[in-house]
Amino acid sequence: MTWLSIIVAGILTYFTRMTMIALVDRKMLGEKLKSVLEYVPSAVFPAIIFPAIFINDFGSFVEMNDPKIFGAIVAVIVGYFSKNIIATILSGLISYWFLIFVIFN
Amino acid sequence: MLTKKQLFTRGILDISPHMLSVIPFGIICGAIGVELGFNPYLVYAMSFIIFGGASQIVFLQLVSGGASSLVAVTSVGIINSRHLLYGAVLSEYLEKLSYIKKLIISYFVVDQSFAESNKFFKKNKTEQYLYYHLIGTGCTLWVCWQISTLSGIILGSFVPEELGLKFAIPLTFIAIVVQDLKKIDHVIVMITCGLSSLLFFDAPFKSYIIISPVIALLVASLILRLKK
């Protein structure tokens, strides 16, 4: 049963990827819609970022002094100025580890 | 004009830094599946059949928590519905491809490959074989995802949870959007999406992941209207 669900979930997921690329003609989307689509990265990724920082494993809001908030702020600052993906990720992780292992330990 | 090989290599290089978070996440994903008591083959098969990290974890957690198949499958579909938006953006650059190529390339459209290839596409609109960049980013992520989830299945709880490696996920996406913080319109759209995601976090089937982008895009269209 679980196997069947995985296959159905996989087909469904594939359709989410394929529909707009293969089945929908670009001309069906108007000019106005195209300019709105410019915002897709900015409109989608914060929905992954925010909950991962501000909501804990139990589904409730973290404290204002949570190490993840601090790590995210460091990553934003480092990323903004360095324009480097590795520096962004590492600075966030290291400052987070510094807080949980050195300061709060 | 870049050759197919150059574009493919460029794709690999552009997405490689993100493996810093994709690989730990894959390991966690594999380990969680085994820890929850699932058949290791089944846990791995998901990486191949679904190929979507967050949705794989949610699926496993729901099924192990006793949710019905319908709920689990619906949740996967809703979490992954954001790909519709990626596809809509990418279709502009892929419209000249043959049908079969479109069908194959679609399988490799994931968050980071979309983000990096879209950035590249915007700057290099005139390249003839642009899609090779997407194949490069997509295949790199695919290979890393397969290997890392497999490692997680084999290593199991070897990776200490205290390390908090899950935190690498939001960091990857921060790296993707951080340069757009220079533009006030993008900042407004991002904050709208982020706050909506917190507000609708408890909406059924994890639907916050598509509700908040829709709200943010509505705000974006308002901004465009005001700009004129």
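Tutor: Start with the two chains: 74 residues of chain B are in contact with 58 residues of chain A, contact meaning that C-beta atoms, placed from the backbone, lie within 7 Å. Helix H6 (residues 82–94) of chain B gives the largest share of chain B's side, 12 residues. This is a predicted model, where local features need pLDDT of at least 70 and side-chain atom pairs count only at 80 or more, while totals for chains, interfaces and linings use all residues. Residues are numbered from 1 along each chain as its sequence is written, with chains lettered from A and ligands numbered from 1 in the order written.

Student: What makes H2(B) and H10(B) roughly antiparallel?

Tutor: Helix H2 (residues 19–35) of chain B and helix H10 (residues 168–177) of chain B pack at about 155°, axes 9 Å apart. Angles over 145 degrees count as roughly antiparallel, so this pair gets that label.

Student: Which residues meet there, from H2(B) and H10(B)?

Tutor: Leu20(B), Ser21(B), Pro24(B) and Phe25(B) of H2(B) meet Ala168(B), Ile169(B), Leu171(B) and Thr172(B) of H10(B). That contact has six nonpolar, two polar and no charged residues.

Student: What makes something a nonpolar core?

Tutor: It's a set of buried Ala, Val, Leu, Ile, Met, Phe, Trp, Tyr and Cys residues joined through C-beta atoms within 7 Å; buried means 20 or more other C-beta atoms within 10 Å of a residue's own. The largest one here has 98 residues, and Ala43(A), Phe59(B) and Ile174(B) have the most contacts inside it. Among the residues that Ala43(A) touches are Val189(B), Cys193(B) and Leu217(B).

Notes
Helix = DSSP H or I, 4+ residues; strand = E, 2+ residues; numbered from the N terminus. Axes fitted to C-alpha atoms, helices over the stretch in contact; angles between N-to-C directions. Parallel < 35°, antiparallel > 145°, perpendicular 65-115°, else oblique. Nonpolar A, V, L, I, M, F, W, Y, C, P; charged D, E, K, R; others polar. Buried ≥ 20, exposed ≤ 12 C-beta atoms within 10 Å, placed from the backbone. Lists of a residue's contacts leave out its neighbours within four places in sequence.
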